[in-house]
Amino acid sequence: MGDEISADLAKSHPMHRLLQGDVGAGKAQPLDSEVLTPGGFRRMGDLVPGDEVITPGGEVTVVRGVFPQGERDVYRLVFSDGTSVECDDEHLWAVKTDTGWHRGSPLEVMTTRQLRQDLLRKSGGSQWYVPLVEAPELDSPAERPIDPYLLGLLLGGGFMKYGRVEISSRDQEIIDAVAELAPDGCRLRRKQDRPLGWSILGLRRGSGNPLIAALRDLGVYGREAHDKYVPWGYLNAPIKQRHALLQGLLDTDGTLRAEGRDVSLLSASKHLAEATAWLTRSLGGYARCRRVRKEGKDYWETSVALPNDYPPFRLSRKAERLRPRTKYERRRKGIRAIEYVGRKEVQCISVAHPERLYVSDGWTPTHNTVVALRAMLQVVDGGGQAALLAPTEVLAQQHYRSITGMLGDLAQAGRIGGAEHATRVALLTGSQGAKARKEALLEAASGAAGIVVGTHALLQETVQFADLGLVVVDEQHRFGVEQRDALREKVDGGRPHVLVMTATPIPRTVAMTVFGDLETSVLGQLPAGRSQIQTHVVPPEKPAFLARTWERIKEEAANGRQIYIVCPRIGEQEGDEGDAVVDEEGERRSPLGIMEVLPKLEELLDGLRIGVLHGKLHPDEKDAVMRRFTARELDVLLATTVIEVGVDVPNATVMVIMDADRFGVSQLHQLRGRVGRGSLHGLCLLVTDAAPGSKARERLDAVASTTDGFKLSRLDLEQRREGDVLGAAQAGRSSSLRLLTLQRDEDVIRDAREEATALVEADPGLADHPGLATVLASLLDEERADFLEKT
């Protein structure tokens with residue numbers, strides 16, 4: 001996802017994106033997980049913004065943000081090379097299937113949850129594979145007093161204890177290399193009792209042996225065969241030195257099978273075998289370490305497969321027999337199992353590299369998080385500004401608090417404690433006082449605020465930006481076409497990028513994904529920590545269901561849970577605060593209002609603490625009611641659709657929607673999303689008097705059958721039609737298209753769009769197609785064409 005957004009923002013022309021679902025859900029790893037940095041692996045919990053980390057491509061990037069996510073369920077991914085990585089269920093992975101590798105398909109980004117649901121093929125083999133990393137340049141500050149190749153030779157085939165350093169080899173190349181690479185003050189002498197044995201001595205008896213001193217400093221002298229290991233500083237050395245060390249190990253202790261392909265190292269030391277695997281992976285290779293039984297003793301065997309750029313042997317007789325790897329061999333490792341670990345403290349990081357990947361435990365590439373904020377920060381880093389438009393003050397304030405909280409000192413430019421490259425985040429709403437509003441307007445106009453969050457107040461003519469580069473529209477379905485487009489008009493000499501977000505795209509948006517320049521990116525998984533929501537219709541023909549509804553509310557309250565009850569309007573006058581759906585079946589009673597429902601609830605739910613929330617309350621009153629509900633001082637919140645977005649109370653488990661048939665599909669889906677926001681399962685009850693078989697009842701049954709926002713948007717499109725993509729109508733049958741409908745002709749429209757795109761790329765001015773240019777000019781004036789750019 002980050003790669004897509006980064007690519008879009010790098011283009012000279014905007015690419016609009018529709019992002020379905022909750023944005024910024026944590027994709028996190030435990031604090032004790034490891035992340036690769038230029039100095040070696042470090043604990044996830046020790047990272048801070050500004051730290052350098054390594055990407056799977058071997059490049060160095062920086063940590064932009066560190067976001068603690070609290071305690072979560074953690075899973076362990078086990079790979080085919082024996083390595084493993086721990087993460088939460090929403091962590092992102094860049095993967096391919098075996099067929100995808102064969103065809104050269106691009107990597108897919110999937111969550112741990114998605115991988116768990118489709119882990120293995122029918123044969124039992126891995127369904128998903130992750131790529132191997134490219135060799136990065138590392139350089140820990142540790143001392144490396146011995147040449148890496150010499151250290152590898154000594155660890156693989158040397159004797160280092162009892163005041164001696166000896167090596168045995170029938171290859172003169174190795175003996176010559178030892179003589180050349182030994183520290184100053186050392187000399188070689190052949191052992192008289194063993195023709196293949198050589199001692200490495202000091203120049204003069206009694207003068208000391210510099211090599212022994214260096215080996216002691218590294219902690220590797222005097223160790224038994226089963227206790228050998230590679231010092232940390234050599235594992236985190238530059239590429240050339242890591243490669244030399246590995247070649248030293250394999251030249252002395254490595255085996256090459258007769259066919260010249262399979263390379264392995266057999267060692268009595270588990271530590272040395274695992275270090276061999278570590279070095280192989282650090283050079284972009286595949287390695288697996290396993291225990292084997294030989295002559296009644298336990299040994300550790302490491303299989304080694306290196307890229308052709310890093311040959312495993314320096315020794316000629318082995319190197320000449322080695323067959324190079326073909327270009328068709330896939331550099332990857334399979335996901336073999338996903339195991340539940342338990343609950344741990346986790347956090348996620350955001351990195352600056354466009355691919356949004358970093359390297360975790362076992363040299364495994366993995367993904368980081370924060371989608372909309374990351375897109376905004378890239379615009380800010382480029383010298384521009386980003387605006388986030390929210391439909392309610394509650395949601396705008398929530399976005400403001402979360403963004404400033406995640407950025408920390410990066411949101412405090414010009415203030416004490418602010419970071420060096422910080423920006424500011426401004427909030428602009430209709431209920432602000434004159435002083436706060438003036439300050440926000442000034443920061444937006446001057447460019448001091450890189451990110452401006454606001455409600456409809458952002459659309460006013462008095463609001464100006466210094467250099468608006470990105471417009472993010474949250475809950476897109478709550479705005480009209482012209483409202484959403486008003487922010488784009490605040491740019492001189494160009495148009496900003498647009499990212500629109502919704503859980504249920506409106507019919508016009510679905511149409512724009514087919515007709516216009518609007519592409520979709522779907523976050524199909526539940527955000528981290530969320531639970532499933534069950535939805536049921538409470539119909540008029542089953543009055544016992546309604547009676548059971550009130551009993552269920554009492555049961556939930558008795559267990560310490562909380563409940564929402566939503567009505568279409570306040571009840572003081574007709575048409576207030578409700579998006580009532582026009583009844584297609586004739587005259588009906590007025591929709592229920594919270595003021596007329598409240599007395600009945602006080603009787604039905606006697607003893608429960610009931611609060612009232614609607615849009616006509618003063619902002620301070622609304623805040624007070626929400627604070628009481630959040631603090632569990634209220635059991636039931638009776639409200640209008642003011643709670644549709646921006647309300648997050650994990651303890652709320654039941655949503656009862658009265659006269660549910662009076663709401664639109666997108667509103668029902670959004671209201672349902674107010675419950676199930678924690679570890680507790682949610683229940684949504686759609687109370688209606690719509691008759692079975694009516695369109696209203698079919699709509700409710702469809703909402704109850706799925707939580708997929710795009711499926712619901714298709715239902716909405718089916719019932720309301722797409723409106724006019726060349727006009728302001730967001731839904732309905734009014735359309736300038738005479739022979740096409742989206743439902744019936746979607747494939748034809750998509751094919752036509754692809755053909756038109758190819759034609760315009762080849763002939764932008766339609767100079768070679770004068771007839772087509774004439775027809776377009778007659779059908780598509782400037783005003784109507786402009787609507788294709790409006791989401």
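1. Let's start with a term: a residue counts as buried under 20% relative accessible area, as exposed over 50% and as partly exposed in between, using a 1.4 Å probe and protein chains only. You will find Gly-285 in the loop between α9 (270-282) and β17 (286-294). Helices (H or I, at least four residues) and strands (E, at least two) are DSSP runs, numbered from the N terminus.

2. Before going on, please keep in mind that this is a predicted model, where local features need pLDDT of at least 70, side-chain atom pairs count only at pLDDT 80 or more, and totals for chains, interfaces and linings use all residues. Residues are numbered from 1 along each chain as its sequence is written, and side-chain values use heavy atoms, with hydrogens and water left out.

3. Back to Gly-285: which residues does Gly-285 touch, not counting those up to four places away in sequence? They are Leu-132, Thr-280, Ala-305, Leu-306 and Pro-307, where contact means heavy atoms within 4.5 Å. Asn-308 is 23 residues from Gly-285 in sequence, and their C-alpha atoms are 9.6 Å apart in space.

4. Now the whole chain. The protein chain holds 24 helices and 33 strands. Of its 791 residues, 53% count as buried. Taking contacts with a separation of 6 or more, 72% are between residues 24 or more positions apart.

5. Strands of a sheet pair through backbone hydrogen bonds, either parallel or antiparallel; here two strands pair if DSSP finds at least two bridges between them. Strands β3 (residues 34-37) and β4 (residues 40-43) run antiparallel and are joined by four bridges. Two residues lie between β3 and β4 in this hairpin.

6. Next, look at a pair of helices. Two packed helices are described by the angle between their axes and the distance between the axes. Axes are lines fitted to C-alpha atoms, for helices over the stretch in contact, and angles run from 0 to 180 degrees between N-to-C directions. Helix α4 (residues 148-157) packs against helix α5 (residues 172-181) at about 125°, and their axes are 10 Å apart. The contact brings together Tyr-149, Leu-150 and Leu-153 of α4 with Ile-174, Ala-177, Val-178 and Leu-181 of α5. Why are α4 and α5 called oblique? Angles under 35 degrees count as roughly parallel, over 145 as roughly antiparallel, 65 to 115 as roughly perpendicular and the rest as oblique, and α4 and α5 are therefore oblique to each other.

7. An antiparallel sheet comes next. Four strands make an open sheet in the order β11-β12-β14-β13, with antiparallel pairing. At the edges stand β11 (158-161) and β13 (186-190), each with a single partner strand, so one side of each has no neighbour in the sheet. From one strand to the next, the twist averages 25°. Five bridges join β13 to strand β14 (residues 197-202), and Arg-187 has Leu-201 of β14 as its bridge partner. Helix α6 (residues 210-218) packs on this sheet and touches β11, β12 (164-168), β13 and β14, with its direction at about 95° to that of β12.

8. Six strands form an open sheet in the order β28-β33-β32-β29-β31-β30, and the pairing is parallel. The edge strands are β28 (533-538) and β30 (610-613), each with a single partner strand, so one side of each is left without a neighbour in the sheet. The twist averages 20° from one strand to the next. β28 pairs with strand β33 (residues 682-687) over six bridges, and Gln-534 has Leu-683 of β33 as its bridge partner. Helix α20 (residues 695-705) packs on the sheet, touching β28 and β33, and its direction makes about 160° with that of β28.

9. Finally, the cysteines. How many disulfides does a search of the whole structure find? The search finds zero, a disulfide being a pair of cysteine sulfur atoms within 2.5 Å. Cys-567 is buried at a relative accessible area of 0%, and Cys-684 also counts as buried at 0%.
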